[in-house]
Amino acid sequence: MVLPPPAGATAIVVPGYFACAGVLAFAAVMSTLGAVVRRSRLHLCFALVCACSTGACLAIARYYSAPSLAAAEAPMRDFAFWAVLLLYSVFAFVAAYTRVPRQRPGFVVLLALAAITLYENAHTPFGIWLTAVERSSAIVLPWGERLFHAQALPSLWNVGLRLLALAIVGWGVWRLLGRKGAGDRRAGLLLSAYLVVLFAASVQGALIDFGVVRTFHWIGLALVGFAMLMGADLILILREQDVAMREQAFRDPLTGLANRGALLERLCLHCDAARAGFGAVAHVNLDHFKVLNEALSHEVGDRVLREVASRIACACGEAAIPGRIGGDEFAALLAAPAATRQEAEQAIRRLADDILRALAAPFVLGEQDLHVAASAGIASFECARAQPAESFAHAALALREAKKSGRHQVRAFAPGLQSDAETRFRTVEGLRRAIASDALQLHYQPQVDAAGRVAGMEALVRWLDGPHGLVSPATFIPLAEETGLIHALGEWTLRRGCAQLAAWRREGIDTGGTLSINVSPWQLARPGFVERLAHILRESGVDPPALTIEITESAALYDLQETIARLHAIRASGVRIALDDFGTGYSSLSLVRDLPLDAIKIDQSFVRGIDAGANRHLVKAVVEIAAELRLDVVAEGIENERERSALLELGCPKLQGFLVCRPLPAPELTAWLAAHELKIPVA
Ligand code: C2E
Ligand code: MG
Ligand code: MG
């Protein structure tokens, strides 16, 4: 039985413990919120430490104010309960704080141990902390406060848990000593100092439990100190994470330049209604970087990009802010607005010229000298009126123009470019709808042999665009290739062409030879093309040798080996392959030798004027080489009788052109076939 405190005595320890519990509970709630918002394991572990410390402090406060031994039993058991969980959560916290990579086995062992200990605690009189509990006495503190004290001995559990605590402290300090870096050093110092304080409090507790000293436990104070110091450190960590995340969000990791977001933010500062003056941006793109990147590995590509970044940054100096806004796309924004639009335009043009000049110098990478040219688009804007994204878009349009007109030059934005872009956009949207709504048509142009017999035909796509009439594929195929619509369009052409071929077969109409369908390099390069083609053939029931696909020389530019492999697979299925527009691209004889071909189509630019002697020797050579390689030859675009006889004289076996027949829709072509057959003289 503990006597009530003498009159005038000041209660410090018990209220102090309640206060500690309050502070710890507050810290637990705050860090739980932090853990949820940030999805942070570290904060969750800290919340656990604080929650267990709260439980332990409350149990101690209740123990110290117990009126009898019987009343002290529950707080004693509760204290042991929270002490075990505290040990576990301190372990988890140290592991998270020192970023231990694989701590699962440690957790499992400790959790099993904790479960056994808690079970034992629940089933032992007065809990596991103390044993041989006989009676109670009071500890009287110098300021007169009386604390309940059970006359007992520390249990083996007590000793074991304290040793375990010692081991965890030692492990934590060892982990922290191994860390380097300024932030880590601060964290290391804090946690090691604190683990030592916790350890000292634990030793002091052991001395009380063993009856060596008679005073109150310091553990509560130690726990609150821990919570406060660690809480402060966690706030600092969050701050640093915020700064790092902001850095990361606004910096391009490869080159260290500002990224698109950062440049846009800077541009927003310029585009302010209250601001006077004119700003300007430059959009720089490397010419043919893709080719270099693929030919020389991405690692070399990355090194080039870093070097490009440093040259651009150097050219910008203090006058502009450089940034990387995409793969090989860079930008620069004038650092401060100029007084007039003219000044802004002059400044950005000077800068763009400097950048292009800097990039034109060879890049020395090891033994290699690489040449990377670039093009630039520039645009100026009035700060009070401009929209940030719009200014970038204007520079991009100007860049497009620079690329279109031969690359390696600077082009300025002009309002006309905007309307061009709008027209392009409308065309693309219209084409998208046309593909979806089946508003495209296929026309067919026959090919004939020397005797005039139909020897095959070519399918040519047409787009009947309401108010604009029939749009030529020469206009929309490049757009479709640029926007990826070519895949849907190409698939439609193949399906429709094969369906028509099957229909002619069913109706017993002889089309004379194979049907040629143009296949864009992009279609051929897309994985799965070979399988899709085979599927379309199966679905339509067309015999593969009845189909020829026409490819252009640029099909082999992307990846020659892959293209050759695909063409072999297509040819193995029985489909024939023709090389279209021969002589217009990067024609090389080795291409004709390496690609698995069945035919060559001589482009109409070689046919023009052939009657007057132009290109004769070239066409003759092609015909001879083709004969040598056992390839069929079709000359395209024959418009008059003279061209026809000149080609026949040179030995060209097949002809296609307006002279024979213009491309026609299927029903008209069927009628043409019937009429044409009647006209051919029987040999
Ligand atoms: P191409 O494959 O070289 O087709 C021959 C082009 O020459 C066709 O133009 C045809 O109408 C035209 N032509 C035929 N005979 C004569 C002639 O005597 N004189 C003149 N001046 N021209 C003649 P079209 O139909 O405008 O097609 C242009 C290009 O568009 C085609 O050139 C082909 O590369 C592409 N193309 C057409 N249809 C498709 C398709 O379904 N898919 C793909 N990927 N490209 C296609
Ligand atoms: Mg063609
Ligand atoms: Mg052609």
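A polar contact is a pair of N or O atoms within 3.5 Å; within protein, one must be able to donate a hydrogen and the other to accept it, and residues adjacent in sequence count only if both atoms are side-chain atoms. By this criterion, an oxygen atom of ligand 1 lies 3.1 Å from an N or O atom in the side chain of Gln604. The model is predicted, and local features need pLDDT of at least 70, side-chain atom pairs count only at pLDDT 80 or more, and totals for chains, interfaces and linings use all residues. Residues are numbered from 1 along each chain as its sequence is written, ligands are numbered from 1 in the order in which they are written, and side-chain values use heavy atoms, with hydrogens and water left out.

Further polar contacts of ligand 1 involve Asp581, with an N or O atom of its side chain 3.0 Å from a ligand oxygen, and Val461, with a polar backbone atom 3.1 Å from a ligand nitrogen. Taken alone, ligand 1 exposes 780 Å², of which the protein buries 84% (Shrake-Rupley method, 1.4 Å probe). The shell around ligand 1 holds 22 residues (a heavy atom within 4 Å), and Arg462, Asn518, Asp580, Glu639 and Phe658 are the closest. Strand E11 gives the largest share of this shell, 4 residues; strands are DSSP runs of at least two residues and helices of at least four, numbered from the N terminus.

The magnesium ion (ligand 2) is coordinated at 2.0 to 2.2 Å by Glu458 (OE), Asn518 (OD1), Glu550 (OE) and Asp580 (OD); donors are N, O and S atoms within 2.8 Å of the metal (3.2 Å for Na, K and Ca), and water is not among the atoms, so sites may look incomplete. Glu458 lies in strand E11 (residues 454–465) and Asp580 in strand E15, so the pair ties together parts that are 122 residues apart in sequence. Glu458 is buried, at 3% relative accessibility, as is Asp580, at 5% (buried means under 20% relative accessible area, exposed over 50%, partly exposed in between; 1.4 Å probe, protein chains only).

Asp580 also coordinates the magnesium ion (ligand 3), which is 4.0 Å from ligand 2. The protein donors of ligand 3 come from Asp580, Asp581 and Glu636, at 1.9 to 2.5 Å, and these residues are spaced D-D-x54-E in sequence. Asp581 is partly exposed, with a relative accessible area of 24%, whereas Glu636 is buried, at 8%.
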